[in-house]
Amino acid sequence: MVQTPKDEKAFEGELDLEFIGVKAGRRWSQADAGNPRRLSVTQYGRVSGQFLPPAGVKIDTVTAQLRDGRKVIATETARL
């Protein structure tokens, strides 16, 4: 069981994702900066979904940025 303080205010922000890989021997990247995901988090949260890269792309890394307006709160990069 996880208890939160009674006066805890939810974080309101956005999640931006960037996918980086290789296509036909050249560097390839795609960011969803034009389509950020709105988040409201009190203590912890989970976001799931699917991303289908174009044919022939091998994705190497995914970077997630949590933003509060223009300010970056957290960044996490996963190598695949």
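Okay, let's start with Phe-51, which counts as partly exposed at 27% relative accessibility. On that scale, buried means under 20% relative accessible area, exposed means over 50%, and partly exposed is in between, using a 1.4 Å probe and protein chains only.

Quick background. This is a predicted model, where local features need pLDDT of at least 70, side-chain atom pairs count only at pLDDT 80 or more, and totals for chains, interfaces and linings use all residues. Residues are numbered from 1 along each chain as its sequence is written, and side-chain values use heavy atoms, with hydrogens and water left out.

So which residue pairs with Phe-51? It's Phe-19: the ring centres are 3.8 Å apart and the planes sit at 5 degrees, so we call the pair stacked. The rule is that rings of Phe, Tyr and Trp (its six-membered ring) pair if their centres lie within 6.5 Å; planes under 30 degrees apart are stacked, over 60 edge-to-face, and the rest tilted. A search of the whole structure turns up one aromatic pair. Phe-19 lies in strand S1 and Phe-51 in the loop between S3 and S4, so the pair ties together parts 32 residues apart in sequence. Strands here are DSSP runs (E, at least two residues), numbered from the N terminus.

Phe-19 itself counts as buried, at 11% relative accessibility. It also belongs to the largest nonpolar core, which has eight residues in all, including Leu-15, Leu-17 and Trp-28. S1 and S4 are the elements that give two or more residues to this core. A nonpolar core is a set of buried Ala, Val, Leu, Ile, Met, Phe, Trp, Tyr and Cys residues joined through side-chain atoms within 4.5 Å.

Next, Thr-61, over in strand S4. Is Thr-61 buried or exposed? Its relative accessibility is 7%, so Thr-61 counts as buried. Leaving aside neighbours within four places in sequence, Thr-61 is in contact with Phe-19 and Thr-77, among others; contact means heavy atoms within 4.5 Å.

For contrast, look at Ala-24, in the loop between strand S1 (11-23) and strand S2 (26-31). Ala-24 is exposed, with a relative accessible area of 74%. And although Ala-24 isn't a glycine, it has a positive phi of about 55 degrees.

That's my tour, thanks!

Notes:
Helices (H or I, at least four residues) and strands (E, at least two) are DSSP runs, numbered from the N terminus.
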